[in-house]
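Have a look at the chains first, then read on.

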Amino acid sequence: MAKITIDNLRHSYLSQPSRDEDYALKRVHLDWADGGAYALLGPSGCGKTTLLNLISGLLPPSEGKILFDGRDVTHDTPEKRNIAQVFQFPVIYDTMTVYDNLAFPLRNRGVDEADIKTRVETIADMLELTSTLKKRASGLTADGKQKISLGRGLVRSDVNVIMFDEPLTVIDPHLKWQLRSKLKELQQRIKRTMIYVTHDQTEALTFADQVVVMNNGEVVQTGTPIELFDKPRHTFVGHFIGSPGMNFLPCDVRDGKAMVGGQAIVAGNAKAAGKGKLELGIRPEFVTFSKSGLAADVVKVADIGRVRVVETKLASGHSVKLIVPEGDDIPTGKVHVSFAPAHTHVYENSWLAGDTSRAAS
Amino acid sequence: MNKIQNNKAWFFVIPVFILVAFNALVPLMTVVNYSIQETFGNNEFFWAGSTWFSDILKSDRFHDALGRSLVFTAIVLAIEIPLGLGIALCMPKKGPWVSVCLILMALPLLIPWNVVGSMWNIMALPDVGLLGRTVNALGIDYNYTRQPFSAWVTLILMDVWHWTSLVTLLCYAGLVSIPDAYYQAAKIDGAKPLAVFRFIQLPKLKHVLTIAVLLRFMDSFMIYTEVVVLTGGGPGNSTTFLSIDLVKYALGQFDLGHAAAMSLIYFLIILFMSWLFYTLMMREETSP
Amino acid sequence: MSKRYIVPLLYILFLMLPIYWLISMSLRTTNEILDTTQFSFFPRNITLDSYKTIFTDPTWYGAYINSITYVAINTVLSILVALPAAYAFSRYRFLGDKHLFFWLLSNRMAPPAVFVLPFVNLYSAVGLFDTPWAVALAHTLFNVPLAVWILEGFMSGVPKELDETAYVDGYSFPYFFVRIFIPTISAGIGVAAFFCFMFSWVEMLLAKNLTSVAAKPIVAAMTKTASTSGYELGLLAAAGVLTLIPGALVVYFVRNHIAKGFALGRV
């Protein structure tokens with residue numbers, strides 16, 4: 001188990017990078033405590049897999065340092081770093097039994113058979129694989145095979161960190177939830193540092209204590225799931241997290257108040273706004289129908305199960321979405337929408353206005 | 001893919017069926033005819049039953065030819081499969097040189113078989129050939145036209161030169177299709193290169209290796225042109241393999257009965273082996 | 001550069017050596033070749049006489065034309081009949097389909113030696129002896145199963161939804177097959193054509209015995225020379241060098257598709 005520090009890491013896949021765009025990872029600085037559950041969340045191509053491979057040692061970085069417990073491991077191979085990785089598709093040794101698969105990393109390190117037996121049996125029990133130990137690994141289902149991949153990582157007691165690269169990709173939908181819960185349960189039980197890379201916000205928000213949201217090779221925000229939801233530091237986080245994402249409306253700030261379509265809206269950080277491009281952000285969960293507020297027309301109602309998403313259009317043509325819980329009435333035609341002040345934020349040039357510590361954590 | 005059951009699909013298959021049946025069934029019937037009958041010309045045939053078959057099966061000539069073919073095939077497989085695999089393992093996974101290498105390696109496969117024989121003929125001539133002259137200069141008495149051992153060595157060398165690339169190309173295609181993640185996982189598990197070969201590469205190459213062994217077995221067992229051009233089956237009949245012996249019977253001696261019987265036995269051996277390999281391969285594909 | 005790259009390099013060197021020797025022999029005069037006292041790796045006097053002979057003597061260049069003719073006929077014919085058959089195997093199940101497929105494949109395994117005498121009789125009987133058609137048709141015995149096998153593999157990679165969409169859109173089957181389906185599997189056709197070309201171009205036993213004078217292919221013309229005497233080694237070498245060219249050209253053109261064909265394992 002280890003505390004991980006990522007120090008000014010930059011990576012380019014090109015041999016002679018010159019501009020910013022040549023870098024897959026622009027500048028990352030992260031500090032992760034021991035034994036925590038972390039997620040790297042972001043859309044495809046944002047650099048999360050690159051970052052993962054840099055941490056695991058499968059890729060040497062162009063610039064920057066990686067430290068495990070203060071020790072510089074930047075140029076160490078994966079074996080020396082003592083990490084484990086679970087890939088997008090199950091990577092198992094087809095010709096071996098489940099037992100031999102789990103024992104493989106230990107045998108390669110010269111551990112004696114009696115110890116191996118204990119470790120393998122403990123892990124198999126944790127992962128509910130005990131009944132399959134004698135079977136050929138190739139005969140298991142996809143989720144069973146992913147468990148074996150995970151097991152190979154858990155079986156080594158000296159593992160510093162376990163990384164997951166979108167591990168539920170090939171798992172059947174109805175089994176995803178099961179495996180996800182199992183992973184979370186395991187993490188809380190054995191308290192090893194785990195880093196989970198995904199583009200699925202549900203997986204990230206349910207697994208991790210701390211989520212690192214990435215976009216375009218940069219860390220956009222780090223925080224707990226609640227922090228990300230309540231106070232997105234960047235419009236990207238607002239869009240990406242939450243279903244549907246945050247509403248953004250262009251606005252001005254006059255006399256310390258945010259103005260949308262000529263009307264004043266209360267926003268906590270309006271005073272901190274400067275001269276850049278300004279937007280007002282509010283999550284659909286915090287928009288309600290009211291007697292006063294912005295004038296809008298109800299355009300569409302979508303029933304997504306427990307709640308309904310109502311899309312309204314303002315006079316300016318911008319759309320505002322609301323979440324209306326089951327049972328509440330939905331007015332039709334012309335309405336007024338109002339925003340909960342505590343959850344309304346002004347964004348300047350896509351970043352939260354007045355946010356002093358920008359990017360990373 | 002979920003296929004639809006529809007017997008009208010036969011219409012699509014009829015051209016192929018007619019073409020192949022014309023070429024396969026008609027000659028085969030002729031061969032069967034000749035194999036159980038005897039003729040003294042004038043289109044008169046007499047029933048001979050299994051005479052030709054028992055003649056062939058008992059003859060030393062057949063046993064010798066069969067033995068030579070089996071030995072040749074065994075040696076050639078034992079060299080070409082590991083060699084081809086080894087070369088494929090040493091090739092880079094990607095890069096600008098890869099296509100150049102693959103094209104150069106493919107060249108021997110596209111040379112008419114008689115040219116292959118002629119090429120090695122010219123190479124191996126003891127007095128004017130590059131190989132022949134060099135070997136003799138080293139003090140080894142080498143003359144493939146007179147010495148059975150030298151003839152065998154030259155033939156094997158020629159076949160290795162000719163066909164190893166097939167194994168290499170097949171194995172290379174199989175190797176590059178192994179996802180990187182397997183090698184990464186092995187690194188993380190601390191596996192040594194030998195373990196990577198044994199537990200990742202070899203199992204994933206099972207399918208292409210089966211095809212390679214199957215093809216090389218068949219083609220080396222049926223070899224004709226290259227041998228005929230290089231040694232003519234000699235010196236004596238030290239390199240007379242089954243095909244060569246058969247053509248001698250059929251076109252040389254016009255011994256139709258023996259030729260036909262031998263053809264059937266020969267074909268049956270190969271059919272049996274191909275059924276064996278086909279079943280093995282299909283079993284591999286359906287196993288989990 | 002990794003040290004193990006030396007292995008493929010050495011292997012390629014080994015492959016190129018006999019080819020180099022052939023080329024070098026083709027550029028030497030007969031006197032130089034036969035003069036055993038003066039052996040050298042490089043030709044001392046380069047001469048194009050052997051090549052001149054081949055390009056001016058009709059028996060020689062005619063032989064090349066004959067070969068190319070039957071190889072072309074065979075490739076086109078094999079692909080044409082294989083396309084519908086492969087489509088049937090790929091999309092439908094029908095009575096006896098598995099057995100038919102295996103029977104087809106087993107013909108690829110047939111030793112040509114077994115067929116040489118019956119083919120001579122057969123093609124004489126239908127009056128095609130000593131024409132490129134005899135060789136082209138005889139070769140289909142081996143090439144058609146191969147073409148069907150390769151094409152079926154590529155076709156199975158195209159989802160049936162494509163066919164269904166075309167029907168829904170109102171296209172007739174011939175239009176769909178020619179204008180929509182075939183372009184999708186063009187790589188497969190390239191691979192199949194390559195292998196058909198390869199097997200037909202290299203084969204000698206049947207090509208030689210099914211022809212005599214009018215349709216004599218290069219493989220027969222060369223073997224005649226080889227058995228005559230050592231005098232014509234340079235000529236033989238030149239003829240050999242020229243046979244390398246079609247093969248090299250074809251592999252260059254389909255080099256990208258070959259990887260796919262091998263990867264499917266359908267050689």
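Predicted model: local features only at pLDDT ≥ 70, side-chain atom pairs only at ≥ 80, totals over all residues.

## Where chain A meets chain B

Let's stay with this interface for a moment. On the side of chain A that touches chain B, α2 (78-81), β6 (83-86) and α3 (98-108) of chain A each supply at least two residues. Sorted by class, that side of chain A has 13 nonpolar, five polar and five charged residues.

In terms of contacts, 23 residues of chain A touch 18 residues of chain B. Put together, chain A and chain B bury about 1,700 Å² between them, and 62% of that is on carbon and sulfur atoms. Charged side chains also join in: there are two salt bridges between chain A and chain B. In a salt bridge, Lys204(B) pairs up with Asp94(A), and their closest N and O atoms are 3.0 Å apart.

## Where chain C meets chain B

Now move over to chain C. Here 96 residues of chain C are in contact with 88 residues of chain B. The size of an interface is often given as the accessible area lost when the parts come together. For chain C and chain B, about 8,500 Å² is buried between them, with 80% of it on carbon and sulfur atoms.

What about charges and polar atoms? The rule finds one salt bridge across the interface of chain C and chain B. Asp219(B) and Arg108(C) form a salt bridge, with 3.7 Å between the closest N and O atoms. There are also 17 residue pairs in polar contact across the interface of chain C and chain B, both residues being at pLDDT 80 or more. On the chain C side that touches chain B, helix α1 (residues 6-26) of chain C gives the most, with 13 residues. By class, that side of chain C has 76 nonpolar, 13 polar and seven charged residues.

Zoom in on Pro8(C), which sits in helix α1 of chain C. Is Pro8(C) buried or exposed? Pro8(C) counts as buried because its relative accessible area is 3%, and the cut-off for buried is under 20%. Leaving aside neighbours within four places in sequence, Pro8(C) is in contact with Ile87(B), Cys90(B), Met91(B) and Met105(B).

Strand β1 (residues 4-5) of chain B and strand β1 (residues 92-93) of chain C run parallel, joined by two bridges. If you want to spot this pairing in the structure, look for Ile4(B), whose bridge partner in β1(C) is Tyr92(C).

## A covered strand in chain A

Back in chain A, find strand β15 (residues 278-282), which is mostly covered: five of its five residues are buried. In a regular strand the side chains alternate between the two faces of the sheet. You can follow the directions here: Leu278(A), Leu280(A) and Ile282(A) point one way from β15(A), while Glu279(A) and Gly281(A) point the other way, and all are buried.

Which strands pair with β15(A)? One of them is strand β11 (residues 247-250) of chain A, which pairs with β15(A) in the antiparallel sense over four bridges. In that pairing, Asn247(A) has Ile282(A) as its bridge partner in β15(A). Strand β20 (residues 345-348) of chain A also runs antiparallel to β15(A), and four bridges join them. There, Gly281(A) stands opposite His345(A) in β20(A).

## Backbone details in chain A loops

Some loops of chain A are worth a look too. A cis peptide bond, with omega about 0 degrees, joins Ser243(A) and Pro244(A). Pro244(A) has its place in the loop between α9 (235-240) and β11 of chain A.

Glu128(A) is not a glycine, yet its phi is positive, near 60 degrees. You'll find Glu128(A) in the loop between α4 (113-126) and α5 (142-154) of chain A. Glu128(A) counts as exposed because its relative accessibility is 55%, and the cut-off for exposed is over 50%. Asn349(A) has a positive phi as well, near 50 degrees, and lies in the loop between β20 and β21 (351-352) of chain A. With 47% relative accessibility, Asn349(A) counts as partly exposed.

Definitions and conventions. Residues numbered from 1 in each chain as written. Chains lettered and ligands numbered in written order. Heavy atoms only, no water. Contact = heavy atoms within 4.5 Å. Buried area = accessible area lost by both parts, 1.4 Å probe. Salt bridge = Lys/Arg side-chain N within 4 Å of Asp/Glu carboxyl O. Polar contact = N/O pair within 3.5 Å; in protein donor to acceptor, adjacent residues only side chain to side chain. Nonpolar A, V, L, I, M, F, W, Y, C, P; charged D, E, K, R; others polar. Pairing = 2+ DSSP bridges. Buried < 20%, exposed > 50% of the residue type's maximum accessible area, 1.4 Å probe, protein only.
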